[in-house]
Amino acid sequence: MNVRRCSALFLEPCEIPRVDLASLLQGGDGMAYRTEIRAWTGHLDGYRIVTPEQAAWLLQCSAERWQPVPEAPADQALVASLLALGLLVCDTPQDTHAERIEREDQTLRRSYWWPLAAVHHRQSRWQAVDSVADMQRNQMVTPADLQRTLGPAPPATLDAVGTGPALPLPAVPADALHQLLARRVTCRNFDTQRALPLAALSSVLQQTLQAQGSVEPVAGLTFLKKHVPSAGSLHPTEAYLLARNVDGVAPGLYHYHPVRHALRRIEPPGGVLPSAQDLLAGQHWFADAPVLVLLVCRFERSLWKYRNHSKVHRALVLDAGHVSQALYTAATAQGLGAFVTSAINERDIEAMLSLDPMREGPLAICGLGWRDGQKTTAELDPNGAVWPVGG
């Protein structure tokens, strides 16, 4: 049997604090620390704790060349322990665990992720997180809570940049676009009784995600033209819709096709959909939207061109941001409320859509619908564009 190290691995020496009564009695700060070595990878969820001996063995092991298992019993024991942790891969897997590890590592190798980005993406995904409950438990809900817990915030603007007097810019009368953008206020109060018209949903999707044209410069390579920019014109962002109250659309999960401008229903594993609030990590003020738009990135589409590129993950996140802003604007033009959030349970969405997380993954959720007549949850609208000032 031959082994090699997994393709993306980072070792973090982490200091774990604990209360030390002896230190406190001797006039110290009462804290002691132990060092824990955490191994983070791009093919496993969560870190693995390794010993200094295991860490040293990993550092001398190649990620590209297969090498035979050494004959020394101590080294064989280290190899066996690292195989069990999934940090080493063998060329002849003997059980389902080893087969899964080898398969996941192969998927990552074929995906051309920059290793740091692969580890960041894999390890920053949430599962079954209730961010609202976390905020309440930590008393981080109101602005006063934030300031009391975190101290003074950095200033909203930079006033001491540059030298010399400021040059005032001429005031320009507000045009239609300015007035439209002024009404773009994140909606946290949706009307649960009023269905979203299908025509309004179709219009928003047409203006944001529908392909307005295409070109095939060589056989098998197609570029789409949309109303939003995309790195390399690759447009890796797919839209999955969780329809809950849309006229003419049965409640359920759908995929949006940007060329056909059509929805196709998807049956989730087991036939049961998670609640919108679970997908939104507990953000109940967004869960009432009649339709959620799940922005899922097909990483392999962009990594095909930008292989092992240190900037590609930023570009993919920017792509989702472009879509969300366009969706906000299009929804506002229809008189609708909208939102976008990246505080989502990615791993639960992946399970619902049967996604391989290193090939396809959710980056954000948008939502739209009619705004409720009553403001029960605060919205940031200081100019009173939607809600009367003081109301």
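Predicted model: local features only at pLDDT ≥ 70, side-chain atom pairs only at ≥ 80, totals over all residues.
User: What makes up the chain, and what are its spans along the principal axes?

Analyst: The chain has 14 helices and 14 strands. Its C-alpha trace spans about 80 × 70 × 55 Å along the principal axes. Of the 391 residues, 42% are buried. Among contacts between residues at least 6 apart in sequence, 70% join residues at least 24 apart.

User: Why are α2 and α3 called roughly perpendicular?

Analyst: Helix α2 (residues 52-60) and helix α3 (residues 73-85) pack at about 85 degrees. The term covers angles of 65 to 115 degrees, therefore the pair counts as roughly perpendicular. The axes of α2 and α3 are 10 Å apart.

User: Which residues make the contact of α2 with α3, and how do they divide by type?

Analyst: From α2 come Glu53, Gln54, Trp57 and Leu58, and they meet Asp75, Leu78, Val79, Ser81, Leu82 and Leu85 in α3. These residues divide into six nonpolar, two polar and two charged.

User: What makes β2 and β4 edge strands?

Analyst: The open sheet has three strands in the order β2-β3-β4, with antiparallel pairing. Strands β2 (9-19) and β4 (48-50) each pair on one side only. Neighbouring strands of this sheet are turned by 45 degrees against each other on average, direction ignored.

User: How do you know that β2 and β3 pair?

Analyst: At least two bridges are needed for two strands to pair, and 11 bridges join β2 to β3 (residues 31-41). Helix α5 (residues 115-123) lies across β2 and β3, at about 110 degrees to β3.

User: Why is Ser111 called buried?

Analyst: Its relative accessible area is 8%. Buried means under 20%, so Ser111 qualifies. Ser111 is found in helix α4. Leaving aside neighbours within four places in sequence, Ser111 is in contact with Leu303, Met358 and Arg359.

User: Is Asn345 buried or exposed, and what is the reason for the label?

Analyst: Asn345 has 1% relative accessibility. The limit for buried is under 20%, so Asn345 counts as buried. Asn345 is found in the loop between β13 (337-341) and α14 (346-353). Asn345 and Ala281 are 64 residues apart along the chain, yet their C-alpha atoms are separated by 5.7 Å.

User: How do you know that the span of α13 agrees with its number of residues?

Analyst: Helix α13 (residues 312-333) has 22 residues, which at 1.5 Å a residue should span 32 Å. The expected span uses one less than the number of residues. The end C-alpha atoms of α13 are 32 Å apart, so the two values agree. Gly335 follows α13 and has a positive phi, near 80 degrees.

User: What makes β12 a mostly covered strand, and which strands pair with it?

Analyst: Seven of the eight residues of β12 (residues 291-298) are buried. Seven bridges join strand β9 (residues 237-243) to β12, and eight join β12 to strand β14 (residues 360-369). With at least two bridges required, β12 therefore pairs with β9 and with β14. The pairing is antiparallel with β9 and antiparallel with β14. Leu294 in β12 is the bridge partner of Tyr240, and Leu294 also stands opposite Ile365 in β14.

Key: Residues numbered from 1 in each chain as written. Heavy atoms only, no water. Helix = DSSP H or I, 4+ residues; strand = E, 2+ residues; numbered from the N terminus. Axes fitted to C-alpha atoms, helices over the stretch in contact; angles between N-to-C directions. Contact = heavy atoms within 4.5 Å. Parallel < 35°, antiparallel > 145°, perpendicular 65-115°, else oblique. Nonpolar A, V, L, I, M, F, W, Y, C, P; charged D, E, K, R; others polar. Buried < 20%, exposed > 50% of the residue type's maximum accessible area, 1.4 Å probe, protein only.
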